[in-house]
Amino acid sequence: MHCLNRIRPVFTYPLHRWLTCRPSCTQLFVGGLSYDTNESILKDAFQEYGEIIEVKVICDRVSGKSRGYGFVNYSSEEAASKALKEMDGQLLDGRNIRIHYAHRGGWKGNQV
C-alpha cells in the first residue's frame, strides 16, 4: 500500500503541464513601442505576415497615452511564428521593438 502513494499521476509531469498550459502560439507581445505608435501603425507593420485577428496597444488609464507595449493576435501559429522571427529587433517608429509569445495573465483580447 505504501508504494501506491508514491506513484505520481501522469498529469503532474512537466511535459503534460507544458502541453496544457503553454502560451498561446498565435498571440504576440510587442514591447519597446514608441509612445506615438497606435494600433493602425502596429497593424500595418505586422499584416504582411498573415491574417491578424486583433491588435491592441496598451494605454495608461489616466492619461490615455501608450504605455510602450501591445499585442498582435494572428489567426494561425505559422503567421505568428514568421512575424516573431522577422520583426524581433526591427525598427518601428524610430524604436527597436521586442517580440515574444504572449503568456498567460496578459491581455486576452476577445477571449472569454
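Contact here means heavy atoms within 4.5 Å. Welcome to a predicted model, in which local features need pLDDT of at least 70, side-chain atom pairs count only at pLDDT 80 or more, and totals for chains, interfaces and linings use all residues. Residues are numbered from 1 along each chain as its sequence is written, and side-chain values use heavy atoms, leaving out hydrogens and water. Helices (H or I, at least four residues) and strands (E, at least two) are DSSP runs, numbered from the N terminus.

**The sheet**
- Four strands form an open sheet in the order E2-E3-E1-E6, with antiparallel pairing (two strands pair if DSSP finds at least two bridges between them).
- E2 and E6 are the edge strands, each pairing on one side only.
- From one strand to the next, the twist averages 20°.
- Five bridges join E1 and E3 in the antiparallel sense, and Phe 71 in E3 is the bridge partner of Phe 29.

**Helices on the sheet**
- H3 packs on the sheet and touches E1, E2, E3 and E6; its direction makes about 140° with that of E2.
- H4 also packs there, touching E1, E3 and E6, and its direction makes about 150° with that of E6.
- Axes are lines fitted to C-alpha atoms, for helices over the stretch in contact, and angles run from 0 to 180 degrees between N-to-C directions.

**The buried face of H3**
- In H3 (residues 39-46), the buried residues are Leu 42, Ala 45 and Phe 46; buried means under 20% relative accessible area, with a 1.4 Å probe and protein chains only.
- Seen down the helix axis, these buried residues fall within an arc of 90°, so they line one face of H3; the arc is that of the directions from the axis to the C-beta atoms.
- Their cover includes strands E1 (27-31), E2 (52-59), E3 (66-74), E4 (91-92) and E6 (98-101), together with helix H4 (77-87).

Technical notes: Buried means under 20% relative accessible area, exposed over 50%, partly exposed in between (1.4 Å probe, protein chains only).
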